[in-house]
Amino acid sequence: AFVRVKPQSVLEMRKAVRLVSAEDGRKLVREVLWNSKLLSLSEEVEANGSDRCRLTCPLTHQRIHTPVRGDKCAHLQCFDLKAYLEINRGIAAFNKRWTCPVCAIAAKPQDMFVDMYMLNVLKKTEDDDDEICFDAEGEWTVTAKVPPPPTPDTDMEAAEEHEDTTPEVLVVPGLDDE
């Protein structure tokens, strides 16, 4: 038997993603931090950086507009909803679709949520803020800025200033101009 399905638009898929209030989002941050602390105490390996969250999407490397995570994700890092839906919609291999870009757990649109707490954080931070760190209460501070674009190397500038712009002429011996 064949089942014919009509592809959903990104707008239709967005409707399946639920909202989590800022208060509940902050509770989730505290839970993730607590679970991470317990896990690091019970294992020999310490998970550094689990209290940190980048404000850029791991898919696009641009600032997140609509922060989402999967229900089963055990990390603080969000990714951009629109980018996630558009990228997954275009993936031809069905077995590669709908996995969290941070932890690779299955995350279909109906299994994700928009984190309103992180949306508030994004609104309160500057455009060049790149990373935040949460404390045990879910309060946050900015810990990293986006690095400024690199300045041209002085050697490169000097080379560009003295670059010969005359066209290259190929001299072939034995060929006379008549």
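## A partly exposed aspartate and its partner

Asp-51 has a relative accessible area of 24% and is therefore partly exposed, a term for values between buried (under 20% relative accessible area) and exposed (over 50%), found with a 1.4 Å probe on protein chains only. Its side chain meets that of Arg-52 in a salt bridge, at 3.9 Å from N to O; such a bridge is a side-chain nitrogen of Lys or Arg within 4 Å of a carboxyl oxygen of Asp or Glu. Arg-52, at 35% relative accessibility, also counts as partly exposed.

## How the model is read

This is a predicted model, in which local features need pLDDT of at least 70 and side-chain atom pairs count only at pLDDT 80 or more, while totals for chains, interfaces and linings use all residues. Residues are numbered from 1 along each chain as its sequence is written, and side-chain values use heavy atoms, with hydrogens and water left out.

## The sheet and its helix

Helices (H or I, at least four residues) and strands (E, at least two) are DSSP runs numbered from the N terminus, and two strands pair if DSSP finds at least two bridges between them. An open sheet with mixed pairing is built from 4 strands in the order E1-E5-E3-E4. At its edges are E1 (18-20) and E4 (79-80), each of which pairs on one side only. Within the sheet, E3 (residues 67-70) and E5 (residues 112-115) run antiparallel and are joined by 3 bridges, with Gly-70 opposite Met-112 in E5.

## The hairpin

Strand E6 (residues 129-134) pairs with strand E7 (residues 140-145) in the antiparallel sense, over 5 bridges, and Glu-131 stands opposite Ala-144 in E7. These two strands form a hairpin with 5 residues between them, and in the turn Gly-138 has a positive phi of about 90°.

## Salt bridges across the chain

The whole structure contains 10 salt bridges. In one of them, the side chains of Asp-71 and Arg-18 meet at 2.8 Å, N to O; this pair links distant parts of the chain, since Asp-71 is in the loop between E3 and E4 and Arg-18 is in strand E1, 53 residues apart.

Another salt bridge joins the side chains of Arg-54 and Asp-130 at 3.0 Å, N to O. Because Arg-54 lies in strand E2 (residues 52-54) and Asp-130 in strand E6, this pair ties together parts that are 76 residues apart in sequence. Arg-54 is partly exposed, with a relative accessible area of 38%, whereas Asp-130 is buried at 9%.
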